[in-house]
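I opened my notebook to look up how this chain is put together. Here is what I'm working from.

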Amino acid sequence: MILTCFLLKFASNKNDMSISIAIVEDEKNYNNALKKIINYQNDMKVTAQFFDGSTALKKLPEISRM
């Protein structure tokens, strides 16, 4: 298991100062558990979830421009 999280960006809206995070983890149970832990935090949210690195590398540039 190699766990990787990417900090995508801080929200630009002053009313929503949450941190957007993308999870990249091939183990489904760890991936889902980490998503629950992060989303439980008031100032963080998972905006993308990937189960392999190649998909993440293809999709992250698109997501980070949002």
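I started with contacts (heavy atoms within 4.5 Å). Of those with a separation of 6 or more in the protein chain, 42% are between residues 24 or more positions apart. This is a predicted model, so I noted the rules: local features need pLDDT of at least 70, side-chain atom pairs count only at pLDDT 80 or more, and totals for chains, interfaces and linings use all residues. Residues are numbered from 1 along each chain as its sequence is written, and side-chain values use heavy atoms, with hydrogens and water left out.

Next I looked up the layout. From the N terminus on, I read β-β-α-β-α; helices (H or I, at least four residues) and strands (E, at least two) are DSSP runs, numbered from the N terminus.

Then I checked α1. Its 13 residues (28–40) should span 18 Å at 1.5 Å a residue, and the end C-alpha atoms are 18 Å apart, so that agrees. The expected span is 1.5 Å times one less than the number of residues. I found N31, L34 and I38 buried in α1 (under 20% relative accessible area; exposed is over 50%, partly exposed in between, with a 1.4 Å probe, protein chains only). They sit on the same side of α1, because their arc is only 70° around the axis (taken from the directions from the helix axis to the C-beta atoms). On the other side of α1, I noted K28, N29, K36, I37 and Y40 as exposed.

Last, I looked up F50. Beyond its neighbours within four places in sequence, F50 has contacts that include A22, V24, A56, L60 and I63.
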